Amino acid sequence: MNFLKNLFGGGRNEDRGIYFYVQPKMCKEILRVRVDPLNDLSQTDDGKGYWCRKVASAARCPFQAEIELYFDKNKRFKESCVENGELVSEEAWAAQQGGA
């Protein structure tokens, strides 16, 4: 039975996600964006790295933040480009969560 769980991934609670925190323009809410390095990343045209694009929006916010994230060939985060918002720290997001 354990063989089948291991084969199909059952019983694993590992979160392989990489988290980013973004605050859309003119919005007080900070959003957590999850990137799955095995499913969300696409190889760059030059084949030397990976990238992904995410759109984040809050319920009461007039703007959607568009995030482009760039990773090296080992899928380690390198840089970002954010339109209609800005990346913020995990600490800022955690402080917001504690105050809610």
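Colleague: In what order do the three strands of the open sheet with β1 run?

Modeller: The order is β2-β1-β7, and the pairing is antiparallel. The edge strands are β2 (31-35) and β7 (85-88), each of which pairs on one side only. Strands are DSSP runs of E with at least two residues, helices are runs of H or I with at least four, and numbering starts at the N terminus. Two strands pair if DSSP finds at least two bridges between them.

Colleague: What is the average twist from one strand to the next?

Modeller: The twist averages 40 degrees. Axes are lines fitted to C-alpha atoms, for helices over the stretch in contact, and angles between N-to-C directions run from 0 to 180 degrees. Please bear in mind that this is a predicted model: local features need pLDDT of at least 70, side-chain atom pairs count only at pLDDT 80 or more, and totals for chains, interfaces and linings use all residues. Residues are numbered from 1 along each chain as its sequence is written, and side-chain values use heavy atoms, with hydrogens and water left out.

Colleague: How many bridges are there between β1 and β7?

Modeller: Four bridges join β7 to β1, which spans residues 18-24, in the antiparallel sense.

Colleague: Is Pro24 buried or exposed?

Modeller: Pro24 is buried, at 2% relative accessible area. Buried means under 20%, exposed means over 50%, and partly exposed lies in between, with a 1.4 Å probe and protein chains only.

Colleague: With which residues is Pro24 in contact, leaving aside its neighbours within four places in sequence?

Modeller: Contact means heavy atoms within 4.5 Å. On that basis Pro24 touches Glu29, Leu31, Ala56, Cys61, Phe63, Ala65, Asn84 and Gly85.

Colleague: Where does Arg32 lie, by the way?

Modeller: Arg32 belongs to strand β2 and is partly exposed, with 44% relative accessible area. Beyond neighbours within four places in sequence, Arg32 contacts Tyr19, Phe20, Tyr21 and Trp93. From Arg32 to Leu87 the C-alpha distance is 9.9 Å, across 55 residues of sequence.

Colleague: Changing topic, in what order do the four strands of the other open sheet, with β4, run?

Modeller: That sheet has the order β3-β4-β5-β6, with antiparallel pairing. At its edges stand β3 and β6 (77-83); each has a single partner strand, so one side of each lacks a neighbour in the sheet. Nine bridges connect β4 with β5, which covers residues 64-72.

Colleague: Which residue of β5 stands opposite Cys52?

Modeller: Leu69 stands opposite Cys52.

Colleague: How many disulfides does the count come to?

Modeller: The count is zero, where a disulfide is a pair of cysteine sulfur atoms within 2.5 Å. Among the cysteines, Cys52 is buried at 4% relative accessible area, whereas Cys81 is partly exposed at 39%.

Colleague: And where is Thr44 placed?

Modeller: Thr44 is in the loop between β3 (42-43) and β4 (49-57). Thr44 counts as buried, at 19% relative accessible area. Leaving aside neighbours within four places in sequence, Thr44 is in contact with Gly49, Tyr50 and Trp51. A polar atom of the Thr44 side chain also lies 3.5 Å from the backbone nitrogen of Lys48. A polar contact is a pair of N or O atoms within 3.5 Å; within protein, one must be able to donate a hydrogen and the other to accept it, and residues adjacent in sequence count only if both atoms are side-chain atoms.

Colleague: What is the phi of Lys75, which is not a glycine?

Modeller: Phi of Lys75 is positive, at about 65 degrees. Lys75 is in the loop between β5 and β6, and it is partly exposed at 26% relative accessibility. Asn84 likewise has a positive phi, near 60 degrees, and is not a glycine. Asn84 lies in the loop between β6 and β7 and is partly exposed at 29%.

Colleague: Finally, how many helices and strands does the chain have?

Modeller: There are two helices and seven strands, running α-β-β-β-β-β-β-β-α from the N terminus. Of the 100 residues in the chain, 26% are buried.
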